[in-house]
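Please look over the fold shown here.

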Amino acid sequence: GAVIADPVLGANEFKHLRFGDTFTGLFPASFQQIAHEFPEVFFENGRTTPMRDGAEEFFKYLKDEGIHLGFASANLNYAILGAMSRFEHRPEDIDIWSITPDSTAATEKDAVIATQAMKNPQNTIIYMGDGASDVPTLDAHDVVAIYFALEGSSFAKELETAGHLYFTYKTLYDVVNKLQEIKALIPQEIMPPVFSHSQELVTA
């Protein structure tokens with residue numbers, strides 16, 4: 001999604017728009033009809049799209065640690081399901097907030113994050129993103145404990161400008177290593193919910 005979104009939002013005529021506004025304008029009725037009639041095409045796209053290095057290890061780590069995974073994505077639900085079907089070792093009961101043939105509401109990721117925080121106030125939220133569609137989550141920064149941003153992305157630049165706590169990554173190995181480092185620094189007796197069975201990792 002970021003590969004397409006970042007250049008579009010970087011154009012002068014779109015710089016004043018949020019990602020959701022722009023996406024809605026690029027989501028024609030013909031595309032919605034295709035998604036309705038041929039969901040298997042998008043599922044196959046997700047099943048065969050190249051993944052970032054370390055994906056298998058990343059999902060296994062989340063499962064082993066009991067970290068709940070959610071996707072807040074401007075991709076179609078079918079594509080995400082296709083991508084997840086490739087991984088035997090992945091967290092159970094993954095939440096997916098994504099585009100459907102009938103709704104682009106998931107592009108408002110700040111609202112998605114804020115809603116999750118209200119529904120599950122006992123959870124600590126870690127958010128991981130890679131591009132312009134993730135920038136609106138800065139409006140929900142008060143409920144996000146830690147951000148991860150793809151190195152060199154517009155999301156990383158916005159986090160830096162805003163002064164929020166974040167770590168960058170190039171591969172998903174980097175994310176796993178940083179989570180392990182953070183966990184090792186925290187005494188077991190004061191371990192926060194993010195590393196128990198009351199945590200939420202939301203990724204784009």
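What follows is a short report on one protein chain, a predicted model.

**Overall picture**

The protein chain holds nine helices and six strands. It has 204 residues, and 43% of them count as buried. Contacts across the sequence matter for reading the fold: of those in the protein chain with a separation of 6 or more, 63% join residues 24 or more positions apart.

**Confidence**

Mean pLDDT for the protein chain is 82. A value of 70 or more is reached by 76% of the residues. Confidence is highest in strand E5, residues 166-169, with a mean of 96. It is lowest in helix H2, residues 19-25, with a mean of 55. Over residues 193-198 the pLDDT is below 50. In the model, that stretch still has 19 contacts beyond near neighbours in sequence.

**Two helix pairs**

Two packed helices are described by the angle between their axes and the distance between the axes. The table gives these values for two pairs.

| Helix pair | Axes come within | Crossing angle |
|---|---|---|
| H5 (residues 55-65) and H9 (residues 172-185) | 7 Å | roughly 30 degrees |
| H4 (residues 39-48) and H6 | 6 Å | roughly 45 degrees |

Take H5 and H9. How do these helices lie relative to each other, roughly parallel or oblique? Angles under 35 degrees count as roughly parallel. The H5 and H9 axes cross at roughly 30 degrees, so these helices are roughly parallel to each other. Their crossing is left-handed. From H5, the contact uses Ala 55, Glu 57, Phe 58, Tyr 61 and Glu 65. From H9 come Leu 172, Tyr 173, Val 175, Val 176, Leu 179, Gln 180 and Lys 183. By class, the contact has eight nonpolar, one polar and three charged residues.

Now H4 and H6. Their axes cross at roughly 45 degrees, and H4 and H6 are therefore oblique to each other. The crossing of H4 and H6 is right-handed. On the H4 side sit Pro 39, Phe 42, Phe 43, Asn 45, Gly 46 and Arg 47. They meet Tyr 78, Ala 79, Leu 81, Gly 82 and Ala 83 of H6. By class, this contact has seven nonpolar, three polar and one charged residues.

**Single residues**

Start with Leu 69. This residue lies in strand E1, residues 68-76. Is Leu 69 buried or exposed? The cut-off for buried is under 20% relative accessible area. Leu 69 has 0% relative accessibility, so Leu 69 counts as buried. Along the chain, Leu 69 and Ile 96 are 27 residues apart.

Lys 60 lies in helix H5. Its relative accessible area is 37%, so Lys 60 is partly exposed. Lys 60 and Phe 87 are 27 residues apart in sequence. From C-alpha to C-alpha, Lys 60 and Phe 87 are 8.6 Å apart.

Where does Asp 93 lie? Asp 93 is in the loop between helix H6 (77-84) and strand E2 (95-99). Its phi is near 50 degrees, a positive value in a residue other than glycine. Exposed means over 50% relative accessible area. Asp 93 has 65%, so Asp 93 is exposed.

How values were computed
Residues numbered from 1 in each chain as written. Predicted model: local features only at pLDDT ≥ 70, side-chain atom pairs only at ≥ 80, totals over all residues. Heavy atoms only, no water. pLDDT = per-residue confidence, 0-100. Helix = DSSP H or I, 4+ residues; strand = E, 2+ residues; numbered from the N terminus. Contact = heavy atoms within 4.5 Å. Axes fitted to C-alpha atoms, helices over the stretch in contact; angles between N-to-C directions. Parallel < 35°, antiparallel > 145°, perpendicular 65-115°, else oblique. Left-handed = near helix turned anticlockwise from the far one by under 90°. Nonpolar A, V, L, I, M, F, W, Y, C, P; charged D, E, K, R; others polar. Buried < 20%, exposed > 50% of the residue type's maximum accessible area, 1.4 Å probe, protein only.
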